[in-house]
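Come along while I look up a few things, one at a time.

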Amino acid sequence: MAYEFEEQYRKPPYDGLLQIYQHSFADNFPLPALTDYISGKTISYGDMARRIARLHLFFELSGVMPGDKIAIYGKNTPNWVITFMATITYGAVIVPVLHDFNATDAQNIIDHSDSVMLFVSDGLFTGMDYNALPQVRAVVSLDTRTVIAERSANRAHGKRGPVTHKSIVMSLTRKFRQRYPHGFAPSDIFYPKVNGNDTCVINYTSGTTGFSKGVMLSFDNLRGNVVFGIRSKLHYQNSRALSFLPLAHAYGCAFDMLTPLAVGSHVTLLGKTPTPMLLLRAMRQVRPSLIICVPLILEKIYRKVVVPMITKKPIRWVLAVPMLEKAVYSIIRNKLVDAFGGVFEEVIVGGAPLNSEVEDFLCRIKFPVTVGYGMTECGPLISYSPWRRFEPGSAGRTLKGIMEAKVLVDETLPKTEEGLPQGEILVRGMNVMKGYYKNPEATEAALEEDGWLHTGDMGWISAPNGRTVHIRGRYKTMILTANGQNIYPEEIESKLSNMPYVNECLVLERNGHLVALCHPDDEQVARDGLSNEQLQEAMESNRKWLNSIVAPYEQVMSIEIMPEEFEKTPKRSIRRFLYK
């Protein structure tokens, strides 16, 4: 089929996902693997592999079987990574629960997934009800590695009688030494060969529609993403990664953890809320080789670092002179590159569309930025182009040899200026999920019999090679007017969000008219000393300017000021369904 791996990626060490890590951990045994940014502590690949082997022994003695589900609920830490890697290299199924989920939602996910064990941060477990998790035999602290709640364990190897998980932990050091009497060496790293179609991860979505589904990703789904990362050299031995996206989300998981650990990179886990100032400080310290982020983060840095620079009168005058424009752009680019650590190859933006004004400016100054496209159901990557080959306004090219895409043409939509049909993007390939866990109706609605996945995104596909994907918006958010016009609110929001005093916004339809909800930039408002009345006047000026640059059917009737930031998913997309 079109998405079969190239021959070199079907042979050792790439013949199975777990074999990739078996070879990587052995080959990179003395190199640094994980650093906790908060504490500054670092563990090597050898230390990580040793701790993984210790967890394997714990699973074995606790009666955990390959294929059993193990849930993990906490912030990014080295123990989080070790638990994830230990689970999948044991052949069990990991169920990562986003730490932003509240206790009730987390419990529902853990129960729905049939997890038999839970690893959780102490602070998150205090709000949970263990009695609501009847299938969970033990709860283990991610902070201390102690058993904090349990039911009787099932002894492995057919031994009779109940045993406590706490007693297993107490005997673990002795039994580990018995198993590895000469110490744990690279030659001791061995992971089983598994069926590539077996479920590896059940990743519960945190979409903007409000309904969470358990996406079943196979070992080969993850291998498709990891092999692409390896052959594209996104990470490489001794490269540095700063992980600040939630690893429980497919995007951060694939490219801030799975790909770096497959090649011997050094991953620093931020472990804190990634505010722009904290991120810039951490990047200067870590000096990452590659930066993976979502649009909101890059857009905030653009507004706080770039906009104040280019709006100064002397700079505006210089930018008006063609001969001097390039020199100023070069200075701005160099300052931005230095702010991001100074040595990275590129910034990859994913998870949502990048604001068009921000993208245009960054491409104009030749800042190394590119936009990829993916979804949890593809673990996550569908398309990507290196920044030097990136086509502004696109979402990159489908992954050659791994993914393919087509358009389900919607005849009610006009063709693009190039005469290309528009409609829903469908994708097929190595990365496409098995389906939704215990939800055959949703699986049938999303997956065609021949493997095509409905993405729910509207757009078109262009040259070169018919692989460049363009996304206009979500089918579910598209607004159809009484006159039959299709409005993509994301396009209007992209323009409004770059206007004065706007921090973030949503465009909705109410009573046949478009209304914009705006949360103001509180820092800018305070700096300029605006009263509430003056802020209302500024927003009205924004509305008039916006209406002068959009189509007549996209006119916004009013702007409502929101005192608080919008509620967001862990990948920082606004939960639109809460504001309809």
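Where does Ser113 lie? Before answering, I jotted down that this is a predicted model. I then found Ser113 in the loop that runs between helix H4 (103-112) and strand S5 (115-120).

Next entry: is Ser113 buried or exposed? I looked up its relative accessibility, which is 0%. Buried means under 20%, so Ser113 counts as buried.

I then checked what surrounds this residue. Leaving aside residues up to four places away in sequence, I noted that Ser113 touches Lys69, Val95, Tyr204 and Tyr437. I also followed the side chain of Ser113, and it reaches the backbone oxygen of Ile110 at 2.9 Å.

New page, on a sheet. In what order do the 4 strands of the open sheet come? I wrote down S2-S1-S11-S10, with mixed pairing. Strand S2 (42-44) and strand S10 (240-243) each have a single partner strand, so they stand at the edges, and one side of each is left without a neighbour in the sheet. From one strand to the next, I read an average twist of 15 degrees.

I looked at one pairing more carefully. S10 and strand S11 (residues 266-269) run parallel, and 4 bridges join them. Here I found Ser243 standing opposite Leu269 in S11.

Last entry: which strands does helix H2 (residues 45-62) touch as it packs on the sheet? I noted strand S1 (32-36) and S2. The direction of helix H2 makes about 80 degrees with that of S2.

Technical notes. Residues numbered from 1 in each chain as written. Predicted model: local features only at pLDDT ≥ 70, side-chain atom pairs only at ≥ 80, totals over all residues. Heavy atoms only, no water. Helix = DSSP H or I, 4+ residues; strand = E, 2+ residues; numbered from the N terminus. Buried < 20%, exposed > 50% of the residue type's maximum accessible area, 1.4 Å probe, protein only. Polar contact = N/O pair within 3.5 Å; in protein donor to acceptor, adjacent residues only side chain to side chain. Contact = heavy atoms within 4.5 Å. Pairing = 2+ DSSP bridges. Axes fitted to C-alpha atoms, helices over the stretch in contact; angles between N-to-C directions.
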